[in-house]
Amino acid sequence: MLYQSHELAVRGNRLLKFYAIYSLIVSIIVVTISFVDTDGRILGNHMPSLRLFVTISYLVVAAMFATISQFNPNVQHATAYFFVETAILATFMMGAGGLASGFSSLILFSVVIANLLAPGVLGYGVAAWVSLAVLVTVHYLPDRYDGTTMFASGFYGGLCFLLAALTQALSNRLNSALEL
């Protein structure tokens, strides 16, 4: 089965639309949990006013991205959204207790999708941004520099770059196989 280059672009647009809907659903779930979890057991209880602001911001930004991606999907818009989304998720991760929270997995998923949609330098830029966001939210803002946490965040940053490289390599191999 042969695919033309415009069909591959349509498939990328389809992935972008699915990711926008996924992100909107995740933001709705986070908003719901934020309002149900009044004592902060799930999302953390550090700075509740910041948590409320970030939760509402995440919902608004995800809704805007879902709307934009349905009408005119664009790789630059998607990359900008990945930068904003990972910053928001890193803030959630800080409030929920750091790398041990589930938000770190959501960030990794975002890195994989970003590298599928924006291969090359932009994909690695998202991985670098995630690494910096983790360092800032786990170490710099709480002023915590112990060895085990530093190792875990360094390993997490390395995992982001590894996922970026593997995703881009796999995507390139699949695209070259589809062109045959």
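This is a predicted model: local features need pLDDT of at least 70, side-chain atom pairs count only at pLDDT 80 or more; totals for chains, interfaces and linings use all residues.
## Ground rules

A polar contact here is a pair of N or O atoms within 3.5 Å; within protein, one must be able to donate a hydrogen and the other to accept it, and residues adjacent in sequence count only if both atoms are side-chain atoms.

Residues are numbered from 1 along each chain as its sequence is written, and side-chain values use heavy atoms, with hydrogens and water left out.

## Overall fold

The chain has six helices and zero strands, so the order from the N terminus simply reads α-α-α-α-α-α; helices (H or I, at least four residues) and strands (E, at least two) are DSSP runs, numbered from the N terminus. The radius of gyration is 17 Å, close to the 16 Å that the globule rule gives for 180 residues, so the chain is as compact as a globular protein of that length. That radius is taken over C-alpha atoms, and the rule is 2.2 Å times the number of residues to the power 0.38. Along its principal axes, the C-alpha trace spans about 55 × 35 × 20 Å.

## Burial and surface

Of the 180 residues, 38% are buried. Buried means under 20% relative accessible area, exposed over 50%, and partly exposed in between (1.4 Å probe, protein chains only). The accessible surface comes to about 9900 Å², with 72% of that belonging to carbon and sulfur atoms; the areas come from the Shrake-Rupley method with a 1.4 Å probe.

Leaving out residues up to four places away in sequence, Ser-153 touches Leu-99, Val-134, Leu-135 and His-139.

Helix α6 (residues 147–179) also holds Leu-159. This leucine is partly exposed because its relative accessible area is 27%. Leu-159 and Leu-108 lie 51 residues apart in sequence, and their C-alpha atoms are 8.5 Å apart in space.

Over in helix α2 (residues 48–71) there's Ser-57, which counts as buried at 19% relative accessibility. The side chain of Ser-57 reaches the backbone oxygen of Phe-53 at 2.7 Å.

Definitions and conventions: Contact means heavy atoms within 4.5 Å.
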